[in-house]
Amino acid sequence: PLMLISGLFFPVQTLPGFIQGLASILPLNLQIVATKSALLFGQGISSWWLVYGVIFFILAWLLLRLKE
């Protein structure tokens with residue numbers, strides 16, 4: 001379901017309004033938009049994406065360490 005809502009297979013703009021709002025906050029949707037912009041339109045990926053990735057990597061690592 002996450003892949004269907006995030007715009008991987010078809011544009012998010014074709015979904016109903018309330019699902020578009022949900023899709024706009026999904027991390028996978030943000031990654032898809034950044035990847036499409038970089039690959040299809042030649043735009044670079046800003047350093048904000050690196051910060052975003054590092055924060056969530058550290059958060060996931062900490063959560064996994066707490067489970068041990």
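Helices are DSSP runs of H or I with at least four residues, numbered from the N terminus. By that criterion, residues 2-5 of this predicted model form helix α1, and Met 3 lies in this helix. The protein contains four helices and zero strands, and its elements follow the order α-α-α-α from the N terminus on.

The overall dimensions were computed next. The C-alpha trace of the protein spans about 45 × 30 × 15 Å along its principal axes. Its radius of gyration is 14 Å, whereas a compact globule of 68 residues would have a value near 11 Å. Of the 68 residues, 15% count as buried. The accessible surface of the protein amounts to about 5500 Å², and carbon and sulfur atoms contribute 75% of that area. Among contacts in the protein with a separation of 6 or more, 24% are accounted for by residues 24 or more positions apart.

When neighbours within four places in sequence are left aside, Met 3 is in contact with Leu 8, Phe 9 and Leu 28. Met 3 and Leu 50 are 47 residues apart in sequence, and their C-alpha atoms are 22 Å apart in space.

Ser 6 is placed in the loop between α1 and α2. Its relative accessibility is 0%, so Ser 6 counts as buried. Apart from residues up to four places away in sequence, Ser 6 touches Val 12, Leu 28, Asn 29 and Ile 32.

Asn 29 belongs to helix α3, which covers residues 27-41. With a relative accessible area of 9%, Asn 29 is buried, because the value is under 20%. The contacts of Asn 29, leaving aside neighbours within four places in sequence, are Ser 6, Val 12, Ala 23 and Ser 24.

Helix α4 comprises residues 47-67 and includes Trp 48. The relative accessible area of Trp 48 is 54%; the residue is exposed because this value is over 50%. Trp 48 is one of the residues making a nonpolar surface patch of about 740 Å², together with Val 51, Ile 55, Phe 56, Leu 59, Leu 63 and Leu 66. Phe 56, another member of this patch, is partly exposed, with a relative accessible area of 44%.

A search of the whole structure for aromatic pairs returned one. This pair consists of Tyr 52 and Phe 56 in an edge-to-face arrangement, with a distance of 4.8 Å centre to centre and an angle of 65° between the planes. Tyr 52 and Phe 56 are four residues apart in helix α4 and are therefore separated by about one helical turn. Phe 56 thus takes part in the aromatic pair as well as in the nonpolar surface patch.

How values were computed
Residues numbered from 1 in each chain as written. Predicted model: local features only at pLDDT ≥ 70, side-chain atom pairs only at ≥ 80, totals over all residues. Heavy atoms only, no water. Helix = DSSP H or I, 4+ residues; strand = E, 2+ residues; numbered from the N terminus. Rg over C-alpha atoms; globule rule 2.2 N^0.38 Å. Buried < 20%, exposed > 50% of the residue type's maximum accessible area, 1.4 Å probe, protein only. Contact = heavy atoms within 4.5 Å. Areas by Shrake-Rupley, 256 points an atom, 1.4 Å probe, with all protein chains shown as cover. Patch = residues over 30% accessible without salt bridge, like charges linked within 9 Å, V, L, I, M, F, W, Y side chains within 5 Å. Salt bridge = Lys/Arg side-chain N within 4 Å of Asp/Glu carboxyl O. Phe/Tyr/Trp six-rings, centres within 6.5 Å; stacked < 30°, edge-to-face > 60°.
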